[in-house]
Amino acid sequence: MMGVTQAIYNFLVAALKKSFVQRFLQWMELLDPTNLVLSIEKIEKSRQLLLTNQDASRHDVEDQRIQEAWKRSLSTVHPDSSKLIPVPFRPSAFLPFTAPMVFLSLLSVKNLKSMILPQVSFYTYTTAFNIINGNASYNRQPYESILLGTGVIASSTFFGLLPRFLQLRFSLNNILTRKALPVVFLTQVSAVNVIASRSFEPSRGIEVMDKEGNVIGYSRKAGTKAVKDTATSRAVLFGTSAFIPEVFSYFFKRTQFFQQYPWSLWTLKLSCTILVMGLMVPVSFSIFPQTGRIQCSMLEKEIQSATQEPELFYNRGV
């Protein structure tokens, strides 16, 4: 682990001491939409600044230039590979892309065909996001990621469409099944999507390091924990973001305003979805630290025998 990757690792390990509120405030900065339009020149200058200040995370946190360099690097550079994250798949792009897709995927429809495109779009984006922002410390070929992603998109889309098919096929008009079923499926499929799209991590193992950033080995158990924690956070994100707008819509339909302006339901539901996701994205990203911590005694025997450290660290991903 060298260069800016080492600097980012040191910073993220130090961030383990932060509380949930501190992580939330940090993610609010990293999710700033202006991070999507940063020029490569500005990003490279930030990386060079961190390279020349290896102890920046410990001694220069009050330096405005260092703070800005961390913000730019953490929001644009992958901590494992030190490569730039493609603009559409940076964390700050997650909300603008997924919020409209979640809204469209939960609309009531009269035929299944109109739901195919929103579902395909949503799961194509989230699958790519999960793969790109997952742990990248293990060996994989580009064609493996493409084949895996294609299979995950197809299966996720199928299960995402399943509740709509059941509603149309069996005329499920009960309010509970009509509204709750899509929310439940979206929550579960989103979590499973993370597990499936990052399935190489538990099967091949990911790097585990000591507090100095020295790689001790590759652990499948750490990979399993990283994927499980991320899947949990994604279930919280999409479950809450789908549930609250449905509840608001249910009560809004009983108001006199809706009776006079039925079209306003769409506006309310879209606004509510964006507002809830705007809060839940940083909340879900903050539930677990980006750098995970695991007791050495829980890892494979070959890793336990390779170090005397009581705990090791790994990149959980986003």
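A cavity here is a set of points, on a 1 Å grid over the protein atoms alone, where a 1.4 Å probe fits but cannot get out, and its lining residues have an atom within 4 Å of a point. This is a predicted model, so local features need pLDDT of at least 70 and side-chain atom pairs count only at pLDDT 80 or more, while totals for chains, interfaces and linings use all residues. Residues are numbered from 1 along each chain as its sequence is written, and side-chain values use heavy atoms, with hydrogens and water left out.

**View 1. The second largest cavity and its lining.** Helix 8 gives the most, with four residues (helices are DSSP runs of H or I, at least four residues, numbered from the N terminus). Sorted by class, the lining has seven nonpolar, three polar and one charged residues (Ala, Val, Leu, Ile, Met, Phe, Trp, Tyr, Cys and Pro count as nonpolar, Asp, Glu, Lys and Arg as charged, and the others, Gly among them, as polar).

**View 2. Helix 7 against helix 8.** The axes of helix 7 (residues 113-133) and helix 8 (residues 142-170) come within 9 Å and cross at roughly 140 degrees (axes are lines fitted to C-alpha atoms over the stretch in contact, with angles from 0 to 180 degrees between N-to-C directions). That makes the pair oblique (angles under 35 degrees are roughly parallel, over 145 roughly antiparallel, 65 to 115 roughly perpendicular, the rest oblique).

**View 3. Helix 7 against helix 9.** Here the angle is about 40 degrees, with the axes 9 Å apart, so helix 7 and helix 9 are oblique to each other. Phe122, Tyr123 and Asn130 of helix 7 are among the contact residues, as are Leu186 and Ser197 of helix 9. The contact counts six nonpolar, six polar and no charged residues.

**View 4. Helix 2 against helix 5.** Helix 2 (residues 20-30) packs on helix 5 (residues 64-76) at about 80 degrees, axes 9 Å apart, so the two are roughly perpendicular. Gln26, Glu29 and Leu30 in helix 2 meet Lys71, Leu74 and Ser75 in helix 5.

Conventions
1 Å grid on protein atoms, 1.4 Å probe; cavity = no way out; pocket = protein on both sides within 12 Å on 5 of 7 lines; lining within 4 Å. Contact = heavy atoms within 4.5 Å.
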